[in-house]
Structures are given as structure tokens and as C-alpha cells.
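This report describes the fold of one protein chain for a reader who has its sequence and model at hand. Please look over both before reading on.

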Amino acid sequence: MNFESFGLTPALLKELANQNYTEPYPIQKEAIPAILNKKDILGIAPTGSGKTASYVLPILTNLQGNLDTKNRNVNVLVLVPTRELALQVREVFRSFGAVLPERVKSIAVYGGVSINPQMKSLFGVNILVATPGRLLELVELNAVHLSKIDTLVLDEADKMLNLGFQKEINNILGLLPTHRQNLLFSATLSEDVKSINELLLHNPTVIKIEEKTNNIDLINQLAYIIPEEKKGPLLRYLIKSRGLKQVLVFTSSVYKADNVADKLRKNGIDATAIHSKKSQGARTDALGRFKSGKLKVLVTTDLLSRGIDIEYLPYVINYELPRSPKDYVHRIGRTGRAENRGEAIAFITEEDQHHFKIIQKKMGKWVTKINADEIDLVGY
Ligand code: AMP
């Protein structure tokens with residue numbers, strides 16, 4: 001099966017070739033025909049499975065000839081948990097939408113930035129990608145009307161619920177017309193997601209894509225047993241002595257992320273922290289510099305462990321372990337993607353040892369441990 005067989009708009013086929021999409025991914029093979037047929041979808045699929053294109057391409061095709069532009073009605077609403085995912089999804093709509101004969105306007109709106117420019121740019125929008133809270137603020141201000149929505153997408157529904165957006169989602173659902181297409185994507189099928197599924201979907205096409213099991217085999221994992229106070233020197237030692245570039249460092253708190261980045265900079269290593277307390281501008285800028293290889297170290301909290309697609313990321317360092325084994329796998333999953341071999345390094349204190357055992361058991365992999373006592377950290 002190839003992209004030509006689906007009945008997508010011809011301009012999109014050309015752009016797919018342009019963007020080196022040679023063959024549809026499994027989720028795309030199932031979702032594209034169903035969405036073109038106006039079916040509801042329940043897609044259980046992890047990040048990296050190609051789920052974004054699986055809904056963007058048929059939605060753009062369905063919209064051709066059905067565009068409503070000179071007002072504040074929106075045709076397609078995509079709800080996402082984070083600003084980063086909003087920008088990323090919008091970028092996929094923009095890049096494919098740009099080649100269509102009929103102009104499609106898409107924008108992303110999210111909190112943490114000034115609302116005025118978003119209000120102004122909402123005129124004539126066909127596709128709105130939004131985080132739930134900011135969307136409701138914009139509705140309240142009458143900047144956007146949701147009563148003409150044809151298609152609703154909930155992307156990373158599990159993450160949205162984990163972040164506590166249940167109430168906002170319910171409020172938004174109450175503003176939509178009853179007759180519409182619903183597409184629900186989630187990495188996991190938790191009880192919460194099941195309840196939204198029952199509330200939302202009509203006789204959906206169910207698509208389940210397993211997390212690529214071999215993904216984790218692509219990652220070289222290593223753990224250092226290290227006392228808390230020596231983690232900073234060990235991090236600097238690893239980065240400097242091995243000349244590491246594009247290192248993503250995870251901490252458990254915003255405070256710690258700032259602290260680790262500060263110390264790296266004081267020691268002459270180019271590092272920036274991004275987390276929920278940073279402005280959107282600062283986050284976008286840091287992420288852009290990091291992706292392009294200009295920024296050596298990005299320190300972050302679990303904000304970034306899902307959803308953001310950074311290709312070819314060579315190193316992930318767990319400065320502190322996450323509580324959930326799933327989050328650990330998501331964090332290190334940044335490295336073993338697109339058939340590229342990456343390295344994941346965990347810093348483990350004595351107190352972490354038991355928890356790390358649980359993580360390894362859940363992951364089904366045992367990680368080589370090195371006692372950092374054996375490393376001479378003097379001068380780092
Ligand atoms: P997603 O799961 O939507 O975040 O997509 C993961 C990555 O795969 C993105 O970088 C996409 O550009 C890329 N991608 C999606 N579908 C295909 C395809 N059929 N062929 C090649 N790359 C793809």
C-alpha cells in the first residue's frame with residue numbers, strides 16, 4: 001500500500017515525496033482511509049508512530065472545497081496538552097497546507113503568552129490547534145466560534161487528562177455541534193481515556209499501534225552509582241571528557257533544572273533549562289537552538305519527555321529518576337528513534353537503587369552499572 005492509493009489531494013502526494021514520506025506508517029494505513037470516510041477514530045499510538053500525519057493529511061483533503069473563511073468559525077479543532085505539541089502539530093498542518101490549491105489557514109494557541117495577538121489572528125482560521133485552557137479564554141472573549149466544528153481531534157488525550165484538563169475538555173465539548181467527526185489519540189488506554197472514548201466516539205475505527213519494542217534495543221543504557229553531591233561534577237566530566245553534544249538532561253523539579261543549567265554555564269558548558277515556568281518565547285528559542293545543534297545541553301523536566309519529536313538525539317541523561325517507569329522509557333525513548341543508536345545514562349544514588357530495579361523490571365532490560373567512585377572527578 002502506498003500514499004497514492006488513499007485518494008488524498010494530488011498536491012499532498014507531491015509534498016509527501018518532497019518530505020521523504022515514501023511509505024505510509026502502519027497507523028497511517030488504517031487511519032487515513034477511515035478519516036477520509038468521515039469515521040470516528042480511536043488511535044492508541046505512541047509518539048513517533050506517525051500519528052500526526054495520519055490525521056493531518058485526510059483532514060486537509062476533506063477540507064478542500066469546504067472552506068469557510070471570512071469569519072471566526074473554525075472547521076477543525078485539535079486539542080493538545082502542551083504548547084510545544086501545539087506548535088509541532090500546527091507546523092505539520094502548515095507545511096502540508098501550504099501546497100494546497102485552496103488556502104487553508106491554521107494557527108496554534110496556547111497559554112503563557114499574550115492573548116491579544118492570538119485574538120487578532122483568529123479571524124478566518126480553518127484549523128485551530130489549542131491547549132484547552134487558552135481556548136476557553138478565547139471563546140469567552142468571543143474571539144473564536146466553535147459551533148461549526150466538523151472535526152475534533154484530541155491528541156495525547158492521556159497526557160491532557162494527566163495534566164488535569166478534564167474539566168476544560170468537558171466545557172469545550174459542550175460548545176461543539178453534536179454532529180461532527182471525532183478523532184481520539186492517546187499513547188495509553190487508561191480508564192480516564194476509556195471514559196472519554198465512550199462519551200465521544202460513535203462506532204469508531206480502533207487502531208492500536210504497539211510501542212516499537214525494538215526501540216529500546218537501539219539504546220545503549222548505562223547507570224552510574226553516585227552520591228547526590230557528586231552528580232554535578234560527574235555530569236561535567238561526562239560532557240567534557242567525552243565531548244558530548246546535544247545532551248538532554250532530565251531533572252525532577254523546575255528548581256533543579258535551573259540549578260543544573262546554571263552550574264553547567266558557570267563551568268563553561270553551554271546549557272539552558274526549559275520548563276513550565278519559562279516564557280513561551282524562551283522555550284521555543286532554546287528548543288530551536290538545541291534541535292539545530294547550536295545549544296549543547298538542554299535541561300528539562302518531564303514536560304519534554306513526550307510529544308516532542310527531536311530526531312537523532314544522541315544522549316539523554318537522567319540526572320534524577322522519574323517516579324514512573326513509563327516516564328523513564330519515554331525519556332530515554334528520545335534517543336533510539338529513526339533507527340539511530342543513542343545513549344541513555346542514569347545517575348543513581350544509593351537510595352534510588354530499589355526504585356531503579358523496579359524501572360528495569362518494568363522495562364524488561366537490565367542496565368550496566370558503574371560505580372562512580374572509580375572515576376576521578378577532581379577538577380570537574
Ligand atoms: P509523529 O508520531 O506524528 O510525531 O511522527 C514522528 C515522525 O515521523 C515525524 O518526524 C514525521 O515527520 C515522521 N513521519 C511520519 N510519517 C512518516 C512516513 N510515512 N514516512 C516517513 N516519515 C514519517
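## Contacts along the chain

Among contacts in the protein chain between residues at least 6 apart in sequence, 75% join residues at least 24 apart; a contact means heavy atoms within 4.5 Å. This is a predicted model, in which local features need pLDDT of at least 70 and side-chain atom pairs count only at pLDDT 80 or more, while totals for chains, interfaces and linings use all residues. Residues are numbered from 1 along each chain as its sequence is written, and side-chain values use heavy atoms, with hydrogens and water left out.

## Overall form and surface

The protein chain contains 15 helices and 14 strands. These elements are DSSP runs numbered from the N terminus, where helices are H or I with at least four residues and strands are E with at least two. Along the principal axes, the C-alpha atoms fill a box of roughly 65 × 45 × 40 Å.

Of the 380 residues, 55% are buried. Buried means under 20% relative accessible area, exposed means over 50%, and partly exposed lies in between, with a 1.4 Å probe and protein chains only. The protein chain exposes about 17000 Å², and carbon and sulfur atoms supply 49% of this area; accessible areas come from the Shrake-Rupley method with a 1.4 Å probe, and for residues only the protein chains shown count as cover. There are 50 positive and 41 negative side chains, and the centres of the two sets lie 4 Å apart. Lys and Arg count as positive and Asp and Glu as negative, whereas His and the chain ends are not counted. The place of a charge is NZ of Lys, CZ of Arg, CG of Asp or CD of Glu.

## The nonpolar cores

In soluble globular proteins, nonpolar side chains tend to be buried together. A nonpolar core is a set of buried Ala, Val, Leu, Ile, Met, Phe, Trp, Tyr and Cys residues joined through side-chain atoms within 4.5 Å. The largest such core has 41 residues, of which Tyr55, Leu57, Ile59, Leu60, Val78 and Phe93 touch the most other members. At least two residues each come from α1 (10–18), α2 (26–36), α3 (51–63), β2 (76–79), α4 (83–97), β4 (127–130) and β6 (181–186). Helix α3 gives the most to this core, with seven residues.

Beyond its neighbours within four places in sequence, Phe93 is in contact with Tyr55, Val56, Ile59, Leu60, Val78, Ser106, Ile127 and Val129. Another core, of 35 residues, lies apart from the largest one, and its members include Leu79, Leu128, Leu135 and Met160.

## Loop residues

Lys38 lies in the loop between α2 and β1 (41–44) and is partly exposed, with a relative accessible area of 44%. Asn142 lies in the loop between α6 (132–140) and β5 (151–154); at 51% relative accessibility, Asn142 counts as exposed.

Val113 is placed in the loop between β3 (106–109) and α5 (116–121) and counts as partly exposed at 25% relative accessibility. Val113 and Ser279 are 166 residues apart in sequence, yet their C-alpha atoms are 7.2 Å apart in space. Not counting residues up to four places away in sequence, Val113 touches Gln118, Arg134 and Gln280.

Val316 belongs to strand β12 (residues 315–318) and counts as buried at 0% relative accessibility. With neighbours within four places left aside, its contacts include Leu248, Phe250, Thr335 and Ile345.

Met363 lies in helix α15 (residues 353–363) and, at 13% relative accessibility, counts as buried. Leaving aside neighbours within four places in sequence, Met363 is in contact with Ile216, Gln221, Tyr328, Val329 and Ile332. Gln360 is also found in helix α15 and is buried, with a relative accessible area of 1%. The C-alpha atoms of Gln360 and Tyr328 are separated by 9.5 Å, and these residues are 32 apart along the chain.
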